[in-house]
Amino acid sequence: MDKNNERECNEDLIRERRKCNFNIEELTNIVDGGKARTARRREIQRLLINDPEFLDEIPQDYMSHEDRYSNELRKSAHLMQKLADQESGHDIHQDIGALTGILKDGNPLMVHLSMFIPAILGQANSEQQEKWLGRSLRNEIIGTYAQTELGHGTFVRGLETRATYDPTVEEFVLHTPTITATKWWPGGLGKTCNYCVVMAQLYTQGRCYGPHPFIVQLRDEETHRSLPGITLGEIGPRLGLNSNDNGFLKFENHRIPRTNMLMKHSQVLKDGTYVKPLHNKLSYGTMMLVRVGIVGACSRSLQYAVTIATRYSAVRHQSEIVPGQPEPQILDYQTQQYKVIPQIASVFALIFSARSLSKIQSSVTAKLKDGNTDLLPELHSLSSGLKALSSSDASWGVEVCRLACGGHGYLASSNLPRTYTGTTCAITYEGENTVLLLQVARYLIKSYRSIGKETGASSVSYLADQTSLASSSSSFSNKALVQAFKLSALSLVAEAEARLQKLCDMGQEFYHAWNYCSVLLLKCAEAHTRYYICEKYEQTVDSLKASEGVKNVLQSLCRLYLIYHITLTHGDFLKCGALTPRNIAVLEGEMCDLLAVLRPQAVSIVDAFDIPDELLGSTLGCWDGNVYQRLYDEALKSPLNKTDVPDAYYKYLLPLMKSSL
Ligand SMILES: CCCCCCCCCCCCCC(=O)SCCNC(=O)CCNC(=O)[C@H](O)C(C)(C)COP(=O)(O)OP(=O)(O)OC[C@H]1O[C@@H](n2cnc3c(N)ncnc32)[C@H](O)[C@@H]1OP(=O)(O)O
Ligand SMILES: Cc1cc2nc3c(=O)[nH]c(=O)nc-3n(C[C@H](O)[C@H](O)[C@H](O)COP(=O)(O)OP(=O)(O)OC[C@H]3O[C@@H](n4cnc5c(N)ncnc54)[C@H](O)[C@@H]3O)c2cc1C
């Protein structure tokens, strides 16, 4: 699509784009993280879009379960080959975001890239990396991360798969003792992978040392047949991601060499002596790494959904605002703006907090290299909280965008259903959100109780700021609103801690008191993480060196985000006195003003996300807004339309219709 050729474009969209009062390219650079990154992303995307190998012969929704897998594997393999091509010079591990949309519904090689290779990098010692890293980067071996079992996903300490060390032959014996110990879910495990990292309970010298990672060959490298002692398969259709082969795995006393235990952090010596790690949760490092990546991935899903919903809302006309007048664009309804525009604001909130989190991650990783684990709990808390809020915000945001598109949003060809199923899974995987938020709460309560002790953890230093509870601000700058978020979080933590203490004082064991307070604890964790997101949003926009137009747009979006979230949880702000009922009413009014200010810029802002039509894959969201023709053309691809009268008519309907004669 030639974006300069207005003649091919829907007139409403032309008019919307003419209202733009900021530099779109500049905003695109901010979204990408700099000009160079924009250029790189575009180059990769061009490389993919112009390659006919990525086209599907028929829409995936009409393919069988087997064909979907096979078709996606074909494209995934081609993608890996293309990006590994020395001439293109692209490092897939750095550019994963640029690939969004090229594979449609669950890439069978995704966990190889996002977990297996990172597990080798983060958990294997240098000899082990020598042996497996190069081979996995060159795709000579394909792996997955097999942790979850039928009986346990959340409670990693409850895993049942055993790795028992036998010092006589220097081997571990991997065994699945019960049906509930069957590994269940790992992406690519069913048919694609020939290796995996298995999390299993380590037994040596008669003692269990808890879950540890082991690298295990699953299939013969020549024939791809599963090895003796290993049972493998695929787990069947899911809500989404159905072109992946999530799998199951059982071991029958399967032996692996001692050196297949990933030994960067803890070791088992030849005689079976266990050497413990610097920090006993270092074996959970792969999960933490992916949680950080999920925040960015969620912002990308939301960019897709909101691009579709915004462009469609500009093209679609329905009903009337002024009786008797022409039907308005649905984007003119304030209720429609309230659906779509806060989701645009949310995209930037997620981008900026994802960036801040990855900076923290880099500095924690650097410290870990020097044996310093002090900031690991802070990173665990932040990555858990942000993974949880980003996945739930993005899933809800995508669903709101689908609803904003009315009936057409329910069609597969809108690409909203698949965007939703591909996002909501992130609420569950890599640590179910409720569970992760309770980990954040645990950290908050612990930090609150250790006020006065220097921990170096900056994200919770505000908990010591007792004076601020009384000093609610009456000004309404963005900074003042962020301050209100802080007060709300602090007051919830104080309330939860007091409630916990009271129950303990009344004689309850701490863990029962904890469970009894866990709804409130969840709110604490959400409020704390929301405060973090709001603070990063405000700081990033405030310090941004940008043209006036771009700065104005981002400031309005940031303010909308702050007010939107205050109104969603206004009870918490009122309860702690951070805001009064009058303040809330004023803010609600201002939110509507902001929707009106941002409405004329909405199409241009989503244009700045710069998602090519070929990747957006939506009849409703295309650049040119030619929605109705595309919907019609896609419908014609239904196999049912190959004939006027389907066979099923003769088999079932005709006998029914004639039976009463
Ligand atoms: C890269 C590109 C990405 C792209 C993304 C898209 C594709 C992605 C595709 C992915 C597909 C999906 C792939 C998949 O789904 S892979 C499977 C993912 N599975 C999970 O995430 C399981 C979730 N469960 C857990 O992580 C643990 O069991 C939790 C954490 C819940 C409890 O654990 P446990 O019962 O053992 O601990 P405890 O509660 O007694 O707490 C004890 C202490 O430990 C501290 N603690 C706990 N954890 C950590 C930690 N990590 N670092 C530092 N510290 C940590 C904790 O704060 C506490 O500290 P203290 O209070 O005592 O001081
Ligand atoms: C699409 C997809 C891909 C996946 N890929 C992989 C993979 O590649 N590798 C892998 O190993 N796994 C994978 N998983 C598994 C995933 O990591 C687990 O499903 C996830 O960790 C949740 O565990 P669970 O299914 O046991 O849920 P459960 O823990 O049984 O959760 C069920 C309910 O119990 C609640 N609950 C559980 N514990 C607590 C608690 N302590 N406090 C309060 N409430 C609690 C939860 O909040 C939830 O409401 C994948 C899952 C999905 C959906």
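Two residues are in contact if their C-beta atoms, placed from the backbone, lie within 7 Å. By that test, eleven residues of domain 1 are in contact with eleven residues of domain 2. On the side of domain 1 that touches domain 2, α5 gives the largest share, six residues. That side has six nonpolar, five polar and no charged residues.

The structure is a predicted model: local features need pLDDT of at least 70, side-chain atom pairs count only at pLDDT 80 or more, and totals for chains, interfaces and linings use all residues. Residues are numbered from 1 along each chain as its sequence is written, while chains are lettered from A and ligands numbered from 1 in the order in which they are written.

## Overall build

The protein chain splits into domain 1 (114-277) and domain 2 (285-454 + 472-628). These bounds come from an automatic or database domain assignment. The C-alpha centres of the two domains lie 35 Å apart.

The protein chain holds 21 helices and eleven strands. Helices (H or I, at least four residues) and strands (E, at least two) are DSSP runs, numbered from the N terminus. The radius of gyration of the protein chain is 27 Å, close to the 26 Å that the globule rule gives for 661 residues, so the chain is as compact as a globular protein of that length. The radius is taken over C-alpha atoms, and the globule rule is 2.2 Å times the number of residues to the power 0.38. Along its principal axes, the C-alpha trace spans about 90 × 75 × 65 Å.

## Ligand 1

There are 32 residues around ligand 1, and Y284, G293, H380, Y429 and G431 come nearest. A residue counts as near if its C-beta atom, placed from the backbone, lies within 6 Å of the molecule or strand. Four helices each supply at least two residues of this shell: α5 (110-123), α7 (285-315), α9 (376-404) and α11 (433-449). Helix α7 gives the largest share, six residues.

By class, the shell has 18 nonpolar, nine polar and five charged residues. Domain 1 and domain 2 both give residues to the shell, so ligand 1 lies between them.

## Ligand 2

Ligand 2 has 23 residues around it, with Q147, T148, G153, T154 and T434 coming nearest. Elements giving two or more residues to this shell are β1 (145-146), α10 (416-428) and α11. The largest share, three residues, comes from α11.

Ten residues of the shell are nonpolar, eleven polar and two charged. Domain 1 and domain 2 each provide at least three residues of the shell around ligand 2.

## A three-stranded sheet

Three strands form an open, antiparallel sheet in the order β4-β8-β7. Its edge strands, β4 (183-184) and β7 (230-234), each pair on one side only. Strands pair if DSSP finds at least two bridges between them. Between β7 and β8 (residues 247-251) there are five bridges, in the antiparallel sense. E234 stands opposite G247 in β8.

## The annotated C-terminal region

An unreviewed UniProt entry annotates residues 479-658 as "domain: Acyl-CoA oxidase C-terminal". UniProt positions are given in the numbering used here, feature names are shortened, and annotations may be inferred rather than shown by experiment. Over residues 479-658 the chain is 76% helix and 0% strand. The end C-alpha atoms of that stretch are 73 Å apart.

Notes: Nonpolar A, V, L, I, M, F, W, Y, C, P; charged D, E, K, R; others polar.
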